[in-house]
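Welcome! Here is a short tour for someone meeting this protein for the first time. Please have a look at the model before reading on.

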Amino acid sequence: MKKFWLLSVLVVFILSCSKKTDHSPRERIRFTKEWKFALNESEDFSASGIDDSDWRILNLPHDWSIEGNFSQDHPATPGGGALPGGIGWYRKTFQLPETDKEKLVFIDFDGIYQKGEVWINGHRLGMRPFGYNSMRYELTPYLNFGEKENVLAVKVDNSEQPNSRWYSGSGIYRNVWLVKTNRIFISHWGTYITTPDVSRENATVLVETTLENRLPDATNLTLRTLIYNPDNNLIAETETAQPLGTGEKNVYQQNLKVENPDLWSIENPALYKAVSEVYSNGELTDSYETTFGIRYFHFDPLKGFFLNGEHVKLLGVCQHHDLGCLGAAINTRALERQLEILKEMGCNSIRTAHNPPAPELLELCDRMGFVVQNETFDMWRKRKTQYDYSRYFPEWHERDLTDHILRDRNHASVMMWSIGNEVLEQWEHVEADTLSIQQANHLLNFQKNVDESVISSGDMSVNALLTAKLANMVKELDPTRPVTAGSNEVNPWNNLFKSDALDLLGFNYHHENFADFPENYPGKPFHVSESTSGLMTRGFYQMPSDSMFIWPDSYPPTGKPYGNEELQCSSYDNCHVPWGSTHEESWKIVKKYDHIAGTYIWTGFDYLGEPTPYWWPARSSYFGIIDLAGFPKDIYYMYQSEWTNKDVLHVFPHWNWEQGQTVDIWTYSSAPEVELFLNGESLGTKTKGPEDLHLMWRVSFEPGTLKAVSRENGKVVMEKEIKTAGEPAQLKATADRKTISADGYDLSYITVEVLDENGNFVPTAGNLIQFSVEGNAEIFGVDNGNPLGHQRLKGKEIDAFHGKCLVVLKAGEKSGNVTLTASADGLKPAEVTIKMN
């Protein structure tokens, strides 16, 4: 293995205050309130004097696509979520005090999808076509001060679709920041911290800080760095004094020692704080805080992944960027909820499929203890959809890849860079230029024609050279982490493999090749970059459960019918795509072999778009372990029983069937033995063998109570009951948090269930649930996890799906109590009260 990425890393992320503090001359202001917005594809609104008085006023982040109606006629197609695109304009008017005249002022966009074009007071600042990256523009030369207003205008063009896989959203969908600094300051993404040596006794901290001087004269400056431990005690400091010439931009290196470091890990994500202070001729000119973690890791070709010297199996999922009914509009609490649900399952790693994530996701992973595979591109030069990033790759890939690494290279959680996912450059002559998005997706996952002359040649093709270029760019910016890519061509003629530039090989699917990897690729570390692609609908079951449903059957389609009239997929783990496997099949292999560093299951949560194996009227995925609303599917509990030390007993399906119908009962259990009872009569005890991950009984249905009892060494571990429910009679509302912050951003997720008169959950209920709210909060979204649902996700009503649905409340900015009422015709309503502090 290469020495440079075996080095330990001390990693950081910048946490800046939203307002100026007494000790800091730098201001970083959250610039998201009271923007004006209009959809308009024909007019130019970049000038400062335009009348926008009748435009909609809203707060960012904002995704206008999720506000629309589902339709097969939208150019995004069902592959992109069947939601509208178009061109939108955002404008914000603001004033700056006269005291800011000597400052430098920047605007930072965490993400605009897509082709975000920016003007200040009529001056064009630039356009970035890549919708997933962050960007900065300097406003200083064009600003007004005092009573004269400034107008920031942003054009967002997402009219040419399809252009992404999968749902992209539209708009300024991530946070925006106004940054003010003095003229001697730390550059954007200007801190890079590594630890050349780290152990449990000592860590050497190397801090590289980039400083700029915009003053008309040279200056004598001092860079002072202080480190605070997780208890906020000062433990190390150093100073560097050196002149900096006018117009110069220099990198300063400092070494510090930390004794007995509290190492960052999955179980103990300990975070330190560094305070960087810049003095010019004795006067403080810049200051900000940096949160970081100290840890070391490596990937071994035979033993897998090691963190701080301890072997860890990476138990990961791929996560697309949308947030269900919130669309792509980023919200920290929404991300945190997703990670909490995954953590409870035992997940310890995230792959950001297939683009740079929101900065908040990485900050949460740093704080919550997730290892991250951070991915940049889903395509390079060769396109996958008609209007995708391949059009811009030749001109923009260097800038976009550089910006991504510079932005994220200081995060404790990030331990791998992925430069691409299933790029068509793996092969020499694979083109998707004449295919639809649905056809191109199938093309990626079935057998390709391979140029035999390329296989026999020892020369590197242009695609192998491109791989080497991208990998080397990453290593120049950050030589401390391995570079990988998600490859669904697992043979040696893969151009990415032939480049020999990847430090860590990743297979997408092909579970039949996992075991023999060390023999086929000796000396190379290995992980499963994408696996399984099981198809499931929460609460839907297709029997017999030991039958296998593999959909679609092939590409090109044979014409053989597949699927079912409900257009749903079975939750028994007996349905998957032909390039994938069941969850159990892939996990057993990953679990068995130490050389497999870990796996990333496709996917953790369902996401908008890619409704494989179907198309319209389906509009979102079936792949998730958790549905679009955040409700776990049954397979969640298989992973929980395998990936955690919790006591787990999950019994399914529900117990509402036709008299005499044959029903397959499954259990996922952490204990080896389970006994099943129906109406008090034992149906037998079963014990898991070495290869068993579930137990199954075939039962003739009769109404009543189904009870499972798990045991280990003769002792009862857990008991679970499922009862036959009667007709819907009442609703139950349960909030994930009953106290939230009155900050205009915080959320409460409220699950609404349909119950019978005895309080039993009704798993077949599909009642229309309506919502109202009293108090200083708004209904921010509704969802039910149904991939076929066409009700607006930004509405105030939605059908229960298999007995439940979700409503999301967003806090206002005044403290007090808020009451959410859920009602349905003929049912007793439910209320829940949320306190806002």
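Helices and strands here are DSSP runs, numbered from the N terminus; a helix has at least four residues and a strand at least two. Please keep in mind that this is a predicted model.

Is Ser-71 buried or exposed? Ser-71 has a relative accessible area of 18%, and because buried means under 20%, Ser-71 counts as buried. Its side chain reaches the backbone nitrogen of Asp-73 at 3.0 Å. Leaving out residues up to four places away in sequence, Ser-71 touches Ala-82 and Trp-616.

Thr-77 belongs to the loop between S4 and S5 as well. The relative accessibility of Thr-77 is 19%, so Thr-77 counts as buried. Its phi is near 65°, a positive value in a residue other than glycine.

## The barrel

Now let us turn to a barrel. Which strands close into it, and in what order? Eight strands do so, in the order S22-S23-S24-S25-S26-S27-S28-S31, and their pairing is parallel. On average, neighbouring strands of this sheet are turned by 25° against each other, with direction ignored.

You can look at one of these pairings in detail. Strand S22 (residues 314–319) pairs with strand S31 (residues 596–602) in the parallel sense, over four bridges. Gly-316 has Tyr-600 in S31 as its bridge partner. Elsewhere, helix H4 (residues 393–408) lies across strand S24 (371–375) and strand S25 (414–421). The angle at which H4 runs to S25 is about 165°.

## Empty space inside

Next come the cavities. Rolling a probe the size of a water molecule over the atoms shows where empty space is left. How many cavities of 30 Å³ or more are there? The count comes to nine.

The largest cavity has a volume of about 210 Å³. Its lining is made up of 23 residues, and those nearest its centre are Gln-319, His-320, His-321, Pro-357 and Leu-361. Helix H2 (332–345) and strand S23 (349–352) each supply at least two residues of that lining.

## A buried tyrosine

Tyr-192 is part of strand S12 (residues 184–198). With a relative accessible area of 7%, Tyr-192 is buried. What does Tyr-192 touch, not counting residues up to four places away in sequence? Its contacts are Leu-206, Val-207, Glu-208, Arg-409, Asn-410, Leu-477, Asp-478, Pro-479 and Thr-480.

With Asp-478, the side chain of Tyr-192 makes a polar contact to the side chain, at 2.7 Å. For a sense of scale, Tyr-192 and Val-709 are 517 residues apart along the chain, and their C-alpha atoms are separated by 54 Å.

Most residues other than glycine have a negative phi, and most peptide bonds are trans. A few spots in this model are worth a look with that in mind. Where is the cis peptide bond that has omega near -15°? This bond runs from Tyr-113 to Gln-114. Gln-114 is placed in the loop between strand S6 (104–109) and strand S7 (116–120).

Phe-652 and Pro-653 are also joined by a cis peptide bond, with omega about 5°. Pro-653 is found in the loop between strand S32 (649–652) and strand S33 (662–669). For a positive phi, look at Thr-532, where the value is near 80°. Thr-532 lies in strand S28 (residues 526–532), and its relative accessible area of 2% makes it buried.

## A partly exposed glutamate

Our last stop is Glu-712, in strand S37 (residues 705–712). Glu-712 has a relative accessible area of 41% and is partly exposed. Leaving aside neighbours within four places in sequence, Glu-712 is in contact with Ala-671, Pro-672 and Val-717.

How far apart in space are Glu-712 and Glu-565, C-alpha to C-alpha? The distance is 42 Å, for two residues that are 147 residues apart in sequence.

Terms used. Residues are numbered from 1 along each chain as its sequence is written. This is a predicted model: local features need pLDDT of at least 70, side-chain atom pairs count only at pLDDT 80 or more; totals for chains, interfaces and linings use all residues. Side-chain values use heavy atoms; hydrogens and water are left out. Two strands pair if DSSP finds at least two bridges between them. Axes are lines fitted to C-alpha atoms, for helices over the stretch in contact, and angles run from 0 to 180 degrees between N-to-C directions. Contact means heavy atoms within 4.5 Å. Buried means under 20% relative accessible area, exposed over 50%, partly exposed in between (1.4 Å probe, protein chains only). A polar contact is a pair of N or O atoms within 3.5 Å; within protein, one must be able to donate a hydrogen and the other to accept it, and residues adjacent in sequence count only if both atoms are side-chain atoms. On a 1 Å grid over the protein atoms alone, a cavity is a set of points where a 1.4 Å probe fits but cannot get out, and a pocket is an open set with protein on both sides within 12 Å along at least five of seven lines; lining residues have an atom within 4 Å of a point. Grid points are joined across faces, edges and corners, and a volume is the space filled by probe spheres set on the points.
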